[in-house]
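Dear colleague,

Please read the notes with the structure open beside them.

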Amino acid sequence: MKKGFLALCIASLAAFTVACGADVNEGGSTSTDEEDKVIVMGTSADYFPYEFVDTANGDEIVGFDIDIAKQVAENMGYELKIEDMDFGSLLGALNAGRVDFVMAGMTPTEERKENADFSDIYFTAKNLILSKGDAIQSLEDLDGKQVGVQLGSIQEGIAKEQIPGAEIVALNKIPEIIQEIKTGRIDAMVIEDTVAKKYLDQDSELSTFEIVDEEEAGSAAAFRKDDELRDQFNEELNKMIDSGEIEKLAQKWFEQEAAPAE
């Protein structure tokens with residue numbers, strides 16, 4: 001009986017010790033264990049060549065943003081973990097603490113800045129109208145037409161502002177919108193030039209023209225408001241910009257030079 005009581009005491013003490021020494025790391029909260037530092041990035045892996053699933057070699061998420069995030073995380077001393085989700089849910093996941101930061105070819109609009117802090121711009125691009133055939137040559141040609149955009153994207157805002165006479169159709173995934181154009185269910189879409197290149201190379205029936213916009217569209221990483229992680233990330237990101245590493249990655253993924261981030 002004494003042995004049983006002693007064993008019970010030892011087991012209780014061990015359980016208490018484990019509970020007191022546990023390192024709680026909820027959701028996207030950055031791990032601070034020196035031997036296992038993990039930082040969680042939220043993205044939407046349907047945006048070639050920024051982030052996409054490399055189906056030819058399994059299910060790994062790769063791309064321009066991924067390479068940048070991996071290098072910055074490594075320089076900061078973190079292992080990078082990637083969470084894939086719909087673009088429109090990224091900032092919600094960020095503010096809910098499910099991810100530590102977001103990289104998804106995201107433009108820091110004034111509306112988004114109300115809910116997140118952003119890094120410096122690391123890449124700039126142009127927006128295009130993409131359609132099937134050559135019947136659509138101007139924004140005026142889109143009056144009364146259906147124009148596809150990715151839900152929650154900067155392109156959605158551009159379409160609403162610059163094509164007021166069109167019916168805007170917001171979908172979650174870029175490939176979905178491309179398919180809708182090919183099948184004739186929608187007439188055109190607003191898409192970034194670097195993303196459009198893949199689809200133009202694959203289908204000669206697709207055509208584009210540039211949307212002239214006075215405001216420069218650029219990509220930046222998003223962080224929770226007043227998160228010190230943003231400044232640490234930004235410091236390493238700017239080292240990559242200044243050293244030319246971002247430009248090399250842009251040449252790798254876009255086959256062009258990165259526009260200077262000023």
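Which residue in strand 15 is the bridge partner of Phe-101? The partner is Phe-223. Before going further, please note that this is a predicted model, in which local features need pLDDT of at least 70 and side-chain atom pairs count only at pLDDT 80 or more, while totals for chains, interfaces and linings use all residues. Residues are numbered from 1 along each chain as its sequence is written, and side-chain values use heavy atoms, with hydrogens and water left out.

Phe-101 and Phe-223 face each other where strand 6 (residues 101-102) and strand 15 (residues 222-223) run antiparallel, joined by 2 bridges; strands here are DSSP runs of E with at least two residues, helices are runs of H or I with at least four, and both are numbered from the N terminus. Two strands count as paired if DSSP finds at least two bridges between them. These strands belong to an open sheet of 5 strands, in the order 5-1-6-15-7 and with mixed pairing, whose edge strands, strand 5 (79-84) and strand 7 (117-118), each pair on one side only. Helix 2 packs on this sheet, touching strand 1 (38-43), strand 5 and strand 6 (contact means heavy atoms within 4.5 Å), and its direction makes about 145° with that of strand 5; axes are lines fitted to C-alpha atoms, for helices over the stretch in contact, and angles run from 0 to 180 degrees between N-to-C directions.

Another open sheet of 5 strands has the order 11-10-12-9-13, again with mixed pairing. Strand 11 (167-171) and strand 13 (206-210) stand at its edges with a single partner strand each, so one side of each has no neighbour in the sheet. Strand 10 (residues 146-150) pairs with strand 11 in the parallel sense over 5 bridges, and Val-147 stands opposite Ile-168 of strand 11.
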